[in-house]
Amino acid sequence: MWEQFLAYDKELFLFLNNLGTEHWDGFWLFMTNKLHWIPLYALLLVLLYKQWGWRRTLLILVAAALLILLTDQLTNFFKYGVQRLRPCHDLETRSLMRLVKASCGGKFGYFSAHAANHMAIAAFLTYFLWVRFRYIGFLLVPWALLVAYSRIYIGVHFPLDVFSGLAIGLFLSWLVAKLSIFAQHKFSL
């Protein structure tokens, strides 16, 4: 049953990945590059400051850094523990897919760190910004979903890798947000 599920995942990957065209490649390469999002991170920092002031903003940033560290380490644990090949290293898919970027990345791809990290930050910051900036989630969640999809489009992750990363990022953001709120109340920060 699991093998059949993975076969469907590969079929879905090939379908989605092969929808791409050279016309759209630049857009999806832009979406997948985390350095392109520095202006968005700067804007979010300003919004955090406007809502919470410097002291709380600093605490939220420390919690966000811990969230990314936790997400990255869990991603590495799963990638080397599960050892699911990336599509571009998989013998069944590599000759049928479009690899849009110059390199494939590491050998293993379960689960997507890009998807996990972007969803984690999107949900985490939505949690801390929604009171004053009520619609921020309508910007951040679609942004995280587009970044996640870009990993399928450019050919470095299967859909299951991406969906798992999104789910884990969402869960970890909830966990770290709750722990942050608990710590702020417990220690009157």
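Modeller: T126 lies in helix 4, where helices (H or I, at least four residues) and strands (E, at least two) are DSSP runs numbered from the N terminus. The model is a predicted one, in which local features need pLDDT of at least 70 and side-chain atom pairs count only at pLDDT 80 or more, while totals for chains, interfaces and linings use all residues. Residues are numbered from 1 along each chain as its sequence is written, and side-chain values use heavy atoms, with hydrogens and water left out.

With a relative accessible area of 18%, T126 is buried; the term means under 20% relative accessible area, against over 50% for exposed and partly exposed in between (1.4 Å probe, protein chains only). Leaving aside residues up to four places away in sequence, T126 touches I136, G137 and L140, a contact being heavy atoms within 4.5 Å.

T126 also belongs to the contact of helix 4 with helix 5. The axes of these two helices come within 8 Å and cross at roughly 180°; axes are lines fitted to C-alpha atoms, for helices over the stretch in contact, and angles run from 0 to 180 degrees between N-to-C directions. Helix 4 is therefore roughly antiparallel to helix 5. In this scheme, angles under 35 degrees count as roughly parallel, over 145 as roughly antiparallel, 65 to 115 as roughly perpendicular and the rest as oblique. Helix 4 contributes H114, A115, H118, M119, A122, L125 and T126 to the contact, and helix 5 contributes G137, L140, V141, W143, A144, L145, V147, A148 and R151. By class, eleven of the residues in this contact are nonpolar, four polar and one charged. Here Ala, Val, Leu, Ile, Met, Phe, Trp, Tyr, Cys and Pro count as nonpolar, Asp, Glu, Lys and Arg as charged, and the others, Gly among them, as polar.

The largest nonpolar core has 49 residues, and those with the most contacts inside it are L44, L67, F124, L125, L129, L140 and W143. Such a core is a set of buried Ala, Val, Leu, Ile, Met, Phe, Trp, Tyr and Cys residues joined through side-chain atoms within 4.5 Å. At least two of its residues come from each of helix 1 (2-17), helix 2 (22-32), helix 3 (38-82), helix 4 (113-129), helix 5 (137-153) and helix 6 (159-186). Helix 4 gives the most, with ten residues. L129 touches L44, L47, L48, Q51, R134 and I136, again not counting residues up to four places away in sequence.

Helix 5 has a further partner in helix 1: their axes come within 8 Å and cross at roughly 95°, which means that helix 1 is roughly perpendicular to helix 5. F13, L16 and N17 of helix 1 meet Y149, I152 and Y153 of helix 5, a contact of five nonpolar, one polar and no charged residues.

In helix 6 one finds I168, which is buried at a relative accessible area of 18%. I168 touches L74 and F111, with residues up to four places away in sequence not counted. The C-alpha atoms of I168 and L74 are separated by 9.2 Å, although these residues stand 94 apart along the chain.

As for the whole, the protein chain has six helices and zero strands. Buried residues make up 47% of its 189 residues.
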